[in-house]
Amino acid sequence: MVDGPEMVPHNLRTFVVRALAGRRCGGGSWHTGEVSFERRNTRQIFVGKVPVGGGAPITVQSMTITKTADVEGTLQQIYALAAAGCDIVRCTCNEAEAAEGLAQIVPRSPIPIIADIHHQYKMALAAMEAGVHGLRLNPGNIRRPEHIKAVAAEAKDRGLPIRIGVNGGSLDPALYEKYDGLKPEAMVESALKEIAYFDEVGFTDYKISVKASNVPMMVEAYRQLSDVTDAPLHLGVTEAGPPPAGLLKATAGIATLLLEGIGDTIRYSLTADPVEEARAGRQLLEALGLRERKNVDLIACPSCGRAEVDVIDIANRAMAAFGDRKIPLQVAVMGCVVNGPGEAREADLGIAAGNKRGHLFVKGRNVAVVPEDEMVEALVEWAEFIHEHGTEAALARVDTTIAEREAAKDRAKMLGDQGDDANNSQEKIVEIRRTVSGG
Ligand code: SF4
């Protein structure tokens, strides 16, 4: 059989065409290393002072899980979310007490607040009265046209944005029936119906989400939606579940779309402390080069037969030590001084173990040697120094020849003890050949 365009699976053809179409859309581009991507052009709205769409930096959202009536508890969570990189936060507004809580929370919040409205349109009116910066309406829950239009008209008067938050799990039953189940087309139609009601009252200040817990379904729904609207899109995989599976599902859906240029704001919906959602969102955007790095990017080798230390433990302790500290450096934890400094030479700073010692290196150059049990502390101290004074100053504060000599000594010792093949690959290859040849 000959490979050719006709052999390309339909989905892939669609992807290629969309990717090419995206490049023509003029929505701006972003660069990461040698690679650049196009972003789809959307119009811009503001949630408080935070722009969404229209080439603005992609924002991270999360949602509090406290009772909104608990003002102090909710504010505490909002501050923790903001510290973890959350740009916009949503609070539930399901009852009068919640709306009253919002009236006290909004003026003290460091980031804009969106009220999540469930079934009662009056709660949307109450939330606006409380001073929130935006609303989220679920078209599957508030379905009476006069209620939708009353909320949109009020939002228009107050200059507030609304997210049309279609959710696969609470889709309008009429659409569920029309499409014989949950389909991307059904979610898109739900959003378009809501837009039509907004149009009737001249309200245009909206963004849209079409979330599903099924990743391919969600991806396709957003692709279809982005073909028919220039409204900013809020991305998410709903009910993704607890980490790590939830993180993977959400990342699969959100990252796929972002790399196609689709999406203006994101939320990880995890069954976890919401701070994890904010951190994940921020880290994804940084990993894709869509937001400037704020915190440490910790890279670590997977460990292997060469390592004489517990790399997983050291990497975890380093992660905990850096936490959410604002040190925008790439820091490497490597299991051995034989290969570590070379493999992580692009990192701003790193440490590699060998012969019961930790070898610190800056941009691949050995700079210091510390006892094995002080590796993490040394890493943090050097990261702080580089962040404050720069790489050149860090290299200038030590005599690198001493560190290089010590690293060479420990490298030679490890090679002497372990040989060139610490993972016993050659032995295994000989065994495989014997098995295959039946010897
Ligand atoms: S060779 Fe060294 S740096 Fe590479 S994976 Fe093994 S322990 Fe880590």
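Over the face of which ring does Arg-397 lie at 4.0 Å from the ring centre? That ring is Phe-385. This is a predicted model, with local features needing pLDDT of at least 70 and side-chain atom pairs counting only at pLDDT 80 or more, while totals for chains, interfaces and linings use all residues. Residues are numbered from 1 along each chain as its sequence is written, and side-chain values use heavy atoms, leaving out hydrogens and water.

**View 1. Arg-397 over Phe-385 and Trp-382.** Arg-397 lies over the face of Trp-382 too, at 4.1 Å from the ring centre. A charge counts as over a ring if NZ of Lys or CZ of Arg is within 6 Å of the ring centre and within 35 degrees of the ring normal.

**View 2. Phe-198 and Phe-203, edge-to-face.** Searching the whole structure turns up 2 aromatic pairs. In this one, the ring centres of Phe-198 and Phe-203 are 5.2 Å apart and the planes sit at 85°, so the pair is edge-to-face. (Rings of Phe, Tyr and Trp, using its six-membered ring, pair if their centres lie within 6.5 Å; planes under 30 degrees apart are stacked, over 60 edge-to-face, the rest tilted.)

**View 3. Phe-198 and Tyr-206, tilted.** Here the ring centres are 5.8 Å apart and the planes at 55°. Phe-198, Phe-203 and Tyr-206 make up one aromatic cluster.

View 4. Phe-198 is buried at 0% relative accessible area, Phe-203 is buried at 2%, and Tyr-206 is buried at 5%. (Buried is under 20% relative accessible area, exposed over 50%, partly exposed in between, with a 1.4 Å probe and protein chains only.)
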